[in-house]
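Student: Could we go through this structure together, one question at a time?
Tutor: Gladly! Have a look at it first, and then ask away.

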Amino acid sequence: MGEKKAKKSQDNLVFTEFKAKEFLKKYADMPKNVLLDPKEVKKTLLEKKLPSSITLPVVLKISSDFIVHKTEENAVKMVCHEIDFFKTLADFEKRLSKYKARGVIVEEYVKGQELIIGIKKDKTFGHVIGLGLGGIFTETIRDISFRACPICSDEFNSMVSDLKFKNLISGTRGKKNDVEELKKIVIEISKIPDKYPKILELDINPIILNEHYCKLVDARIVFEK
Amino acid sequence: MKKTKTARKIIKTVKLAKNPKGLDAFFKAENIALIGASHEQNKIGNVLMKNLLKNKTVFPVNPNVDLIMNRHCFKTVLEIEDKIDFALIAVKAEFVPDVVEQCGKKKIKNVLVISSGFSEIGNEKLNENLKSKLEKYNINCIGPNCLGIYDSFSELDAIFLSQQRLKRPLQGKISFLSQSGALGGAMLGNLAEKKIGISKFISYGNAINLNECDFLEYLSEDENTSVICFYVEQIRDGKRFLEVAKKVSSKKPLIVFKGGVTEQGNRAALSHTGSLAGDSKIYEGIFRQVNAIQVDNLEDLFFVANLFEKFENFKNIDEKIQVITNGGGYGIICADQIEKNGLKLAEFSPKIKEKLKKEIPQVNITNPLDLMGDVTNERYKIALDNCLNDPANDLILLVVLYQTPLINEDIVEVVSGMNNKRKKPIVLVIPKTESEFNISEMLEDKGLACFEFPENAIRVLKKFLRK
């Protein structure tokens, strides 16, 4: 949720994408990905050959605990063609040591409605969970609804009905999104603070919802020290 | 499935006591010690004395005076021999802790502190001092920094505004809990003017130990309260509020107006209540989660409450509205607003449609049902009777433009007669006009809900229908 808070949270323990996804993998599906360590990156660039496990399009990301906002750092890029793949990889390779990166993540490209699921420790009500439109719409449209954690199925439904753009969640143009899967994920995530009361903030942004799946693409978690 | 497990966990059983925290000691008090009583006209201690004296036994306390309004004035509460239900404290803030100490020694268990000058102006030291005295003697405290409390049933008037300056509202079943005192006072005047009755009014100020949850619990158990209105800037005990408010709203409609939802409002709230107002989006979600009805303005707080009180006997009303009008334009505005607010226009059932066609052949039987400018009382009666008997609608929105020539003041009898059958809620839209009879006032006196403009009526209806 707030960018400002991320800066304030420097004294706290921050999980960026890699660790946050590790933490959250039992709660939601994620796009298939492989991590190329710096050696493998070099090798791939030298051979100019796509690893057999990769089919385009993919998203390339620098994996580093020192990058909180990948877009701002130009550390994430979607590539459709082989030529772009190697160009981007070469660009990332030059910056790996600067970020003390563990390598480059090559991730399956997933498409659908971008949503945000967030948890925040509120000073009055304790942990609250928010669900809203994610990706580039998060800050501009600010369409998000909150409930105190944990929530039940009815509460998930009423949360969705609070949103102005609720139709984008259920699906548009005759497509029916897998809302049941989203519901399962949100309900399970709303139980996390019970187990981990030290969570200050948890941002899943975006999680991608379409007719076939609901996949967590990026996340960040801040724990109180 | 996991769902039920979670649900159970969230709801948890909060037991609501019959007289939570012994608050009856305040509201059903007979013997009240007024500490800081004054014989000087218009002083707070004097206004309170006059207000209380109307119906209660008052023991004035003031070390500097012997007689107040011909009553013996005590130097301290310790001199009083009778049992005191609660002490009303209106002395300078710095004296409050000592006065509370004396109350503790006198075994007074309940105090209402009007005085301001505590955490709301940043005087944390005095606040802590008062708090420790209250804890030492296990005393319940309303306030400090509040306007007081009022109960139209027990005839308790412990608010520091004179009855000449602020006429009290009629008796009713709406109770009003307000964090802000000034706003509460202004609203009481407004309600008196609007003839909306009140059961209890509680201004709880800084909530040093009794907070919103205690009062909500109490009101939910109060037999003289059927609807609760709540003005709040900052919930004090969020975790408990989640449990208590859910329980309360399952018993009675809980209507909430939150101040400090914008950045500007928030800043004002900061300086005003001595605490940060919370993030409005989170509050909005929490109010939804506890099934409270959140309104966006002060007026609606009571308009919505008024509908709940009037239609107390109608449960689970659906959203299909039948509009009856004698002006086409008003019908169109009503239809627009109904759609805009996510409500529905009812469709006539075939049987009623046929019946209406026969009984009022000059009228086009559609919704809105336009009875036209040459409408008579009789035509209104036929239309109302049939619509009330039509299972296809859930409630009636009745527009009466009193200017049309063929209706007269007897329309009041027609409408109230139909309303008395209590078949369905009837909500009226009557534009105010300067005329021989004040039709809307006459109808309000007969217990009908009247609005001046269709958009107000429908906005309030939407909240009433919980849409």
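Tutor: Before we start, one term: the domain bounds we use come from an automatic or database domain assignment. Keep in mind too that this is a predicted model.

Student: Which domains does the assignment give for chain B?
Tutor: Let's walk along the chain. Domain 1 of chain B covers 21-146 and domain 2 covers 166-310.

Student: How far apart are the centres of domain 1 of chain B and domain 2 of chain B?
Tutor: These two domains touch: 17 residues of domain 1 of chain B are in contact with 14 residues of domain 2 of chain B. On the domain 1 side, α5 (124-136) and β7 (140-142) of chain B are the elements that give two or more residues. That side holds nine nonpolar, five polar and three charged residues. Taken over C-alpha atoms, the separation of the two centres is 25 Å.

Student: What about chain A: how many residues does each domain give to the contact there?
Tutor: Chain A is divided into domain 1 (3-29 + 112-223) and domain 2 (33-108). Their C-alpha centres lie 26 Å apart. The side of domain 1 that touches domain 2 has two nonpolar, one polar and two charged residues. Domain 1 of chain A gives five residues to the contact, and domain 2 of chain A gives five.

Student: Which element of chain B gives the most to the side that touches chain A?
Tutor: Between the chains, 16 residues of chain B are in contact with 18 residues of chain A. Helices α1 (2-11), α8 (238-251) and α10 (280-289) of chain B each supply at least two residues of the chain B side. By class, this side has six nonpolar, five polar and five charged residues. The top contributor, with six residues, is α10(B).

Student: Which strands are the edges of the open sheet in chain B?
Tutor: Seven strands form the sheet, in the order β9-β8-β11-β10-β12-β13-β14 (chain B), with mixed pairing. From one strand to the next, the twist averages 15°. An edge strand pairs on one side only, and here the edges are β9 (156-159) and β14 (293-295) of chain B.

Student: Within that sheet, which residue in β11(B) does L177(B) stand opposite?
Tutor: Strand β10 (residues 174-178) and strand β11 (residues 200-203) of chain B run parallel and are joined by three bridges. Here L177(B) stands opposite I202(B).

Student: How are α12(B) and α17(B) arranged: roughly parallel or roughly antiparallel?
Tutor: Two packed helices are described by the angle between their axes and the distance between the axes. The axes of α12 (residues 328-340) and α17 (residues 454-464) of chain B come within 9 Å and cross at roughly 30°. Because angles under 35 degrees count as roughly parallel, α12(B) and α17(B) are roughly parallel.

Student: And which residues in α17(B) does α12(B) meet?
Tutor: The crossing of these two helices is right-handed. The residues of their contact divide into six nonpolar, one polar and one charged. From α12(B), Y330(B), I333(B), C334(B), Q337(B) and I338(B) take part, and in α17(B) they meet P454(B), E455(B) and I458(B).

Conventions: Residues are numbered from 1 along each chain as its sequence is written. Chains are lettered from A and ligands numbered from 1 in the order in which they are written. This is a predicted model: local features need pLDDT of at least 70, side-chain atom pairs count only at pLDDT 80 or more; totals for chains, interfaces and linings use all residues. Two residues are in contact if their C-beta atoms, placed from the backbone, lie within 7 Å. Helices (H or I, at least four residues) and strands (E, at least two) are DSSP runs, numbered from the N terminus. Ala, Val, Leu, Ile, Met, Phe, Trp, Tyr, Cys and Pro count as nonpolar, Asp, Glu, Lys and Arg as charged, and the others, Gly among them, as polar. Axes are lines fitted to C-alpha atoms, for helices over the stretch in contact, and angles run from 0 to 180 degrees between N-to-C directions. Angles under 35 degrees count as roughly parallel, over 145 as roughly antiparallel, 65 to 115 as roughly perpendicular and the rest as oblique. A crossing is left-handed if the near helix is turned anticlockwise from the far one by less than a right angle, and right-handed if clockwise. Two strands pair if DSSP finds at least two bridges between them.
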